[in-house]
Structures are given as C-alpha cells and as structure tokens.
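I opened a notebook page for this protein.

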Amino acid sequence: MTRSLSHPYLDHSCLPLLRRWIREHLPAVDDLVFRAEVVCTELVANAVDHVGGGGDVRIRPTPGGWLIEVDDTDPEGVLTPGRSRLGSNRGRGLTLISAFSSWGVRRTRDGKTVWAVIDVAE
C-alpha cells in the first residue's frame, strides 16, 4: 500500500509535519523511523532551498525496505553530494542521505523526483 502525503512544501515550516507523518505511518522496525525522518526532511529541505519547494512526498514499502520520493519542479538541477551553491557551510545533506539509503533522480516532464530506498533488516 502506498502511503502518500500531498502537502506543498514552500518553506521549512513543513518539516515537523513530515516527521510526525512518518512516525505515524512507518513501522517501528530497527531505526527505520529515524532514518526515514532524516532522509525525507533532507530531501524536502533540498527542494525548498534549491528549487523553492512545490511538490509531493510519497513513501511506500518495497521488498526489504521503504521508498521515499520527493517531487520538485526543477528538471535541470544537478545533485552533488558534499557540494552546495549556497555556501561552504552547506552541502552535507546528500552525504547524510547516502549514509542511510541508496538514492537517485528520475527526471520528469515537469521537474524531477529524487528517490531514496531505506533497507530494513529482516
């Protein structure tokens, strides 16, 4: 079953809502909830900081884990772990996401979807 949240994330004020939504909908298996909170909020924060927000967040189970998808409206944006055009004190979010998940980008006609898969030990 897909668990989907459709909420515009125009600024960082949506992050507590996302964390609460994750805690309410994901099973308390290992440290899944913690990792999902970190990954999801980092992906949404990136979309807010670099694109201005404006997309959906989806979470659904996969064989052996959970898939988190965050849509944004920038089809051309390049994601580079450890680097940020917003300054030298930024750019750690994708490195953190990489520590907790495998991730990638799917380009769409209207933007892109950044996805991350969090594995769960069985």
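I started with pLDDT, the predictor's confidence in each residue, from 0 to 100. The protein averages a pLDDT of 82, and 80% of the residues score at least 70. This is a predicted model, in which local features need pLDDT of at least 70, side-chain atom pairs count only at pLDDT 80 or more, and totals for chains, interfaces and linings use all residues. Residues are numbered from 1 along each chain as its sequence is written, and side-chain values use heavy atoms, with hydrogens and water left out.

Next I looked up the secondary structure, where helices (H or I, at least four residues) and strands (E, at least two) are DSSP runs numbered from the N terminus. I found 3 helices and 5 strands, in the order β-α-α-β-β-α-β-β from the N terminus.

I then checked burial (under 20% relative accessible area, 1.4 Å probe, protein chains only). Of the 122 residues, 41% count as buried.

For contacts (heavy atoms within 4.5 Å), I looked at pairs at least 6 apart in sequence; 64% of these join residues at least 24 apart.

Last, I took helix H2 (residues 32-51) and helix H3 (residues 93-100), whose axes come within 9 Å and cross at roughly 150°. The axes are lines fitted to C-alpha atoms over the stretch in contact, with angles from 0 to 180 degrees between N-to-C directions. H2 is therefore roughly antiparallel to H3, the term for angles over 145 degrees. The contact includes Phe34, Val38 and Leu43 of H2 and Leu94, Ile97 and Phe100 of H3.

Technical notes: Angles under 35 degrees count as roughly parallel, over 145 as roughly antiparallel, 65 to 115 as roughly perpendicular and the rest as oblique. Buried means under 20% relative accessible area, exposed over 50%, partly exposed in between (1.4 Å probe, protein chains only).
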